[in-house]
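User: I'd like to get how the words used for a structure follow from their definitions. Can we go through one together?

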Amino acid sequence: EGNNGLLVVREGVLVPFDQKIVEMENKNRQTVINGMAKAIIRINRQPDNEQNMNQVRPQAVEQFAAVRRDSAKTGWWIQDPDGNWQKK
């Protein structure tokens, strides 16, 4: 679990099938993060435009990554906000 909310391959190389799964999962996570950013915009009653999306996306990424870290299972590698890796 990377600090950007996405899955990260920490070591080695994945076979193409597994790499595709990681890519699909990360695409789904990006969709969730973008949805969270849009929700933040709506809550703050701001116009839904690219400038505001770019402004709130880091907040959405941080919140999503925190949820993923908290829900990680024992033994999973997680990356803290400062970029340090540790096993949960």
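User: How do you know that the span of helix 1 agrees with its 28 residues?

Analyst: Quick note before that: this is a predicted model, where local features need pLDDT of at least 70, side-chain atom pairs count only at pLDDT 80 or more, and totals for chains, interfaces and linings use all residues. Residues are numbered from 1 along each chain as its sequence is written, and side-chain values use heavy atoms, leaving out hydrogens and water. Now, the expected span of a helix is 1.5 Å times one less than its number of residues. For helix 1 that gives 40 Å, and its end C-alpha atoms are 40 Å apart, so the two agree.

User: Why is asparagine 26 called buried?

Analyst: Buried means under 20% relative accessible area (exposed is over 50%, partly exposed in between, with a 1.4 Å probe and protein chains only). Asparagine 26 has 13% relative accessibility, so it counts as buried. It sits in helix 1, residues 16-43. Leaving aside neighbours within four places in sequence, asparagine 26 is in contact (heavy atoms within 4.5 Å) with Leu6 and Leu7.

User: Which other residues of helix 1 are buried, and what covers them?

Analyst: Besides Asn26, the buried ones are Val22, Arg29, Ile33, Ala37, Ile40 and Ile41. Their cover includes helix 2. Over the protein's 88 residues, 25% count as buried.

User: What makes a set of residues a nonpolar core, and which residues make up the largest one?

Analyst: The members must be buried Ala, Val, Leu, Ile, Met, Phe, Trp, Tyr or Cys, joined through side-chain atoms within 4.5 Å. The largest core has 8 residues: Ile33, Ala37, Ile40, Ile41, Met53, Val56, Ala60 and Phe64. Helix 1 and helix 2 (50-71) each supply at least two of its residues. In soluble globular proteins, nonpolar side chains tend to be buried together.

User: What does isoleucine 40 touch?

Analyst: Not counting residues up to four places away in sequence, isoleucine 40 touches Val56, Gln59, Ala60 and Gln63.

Conventions. Helix = DSSP H or I, 4+ residues; strand = E, 2+ residues; numbered from the N terminus.
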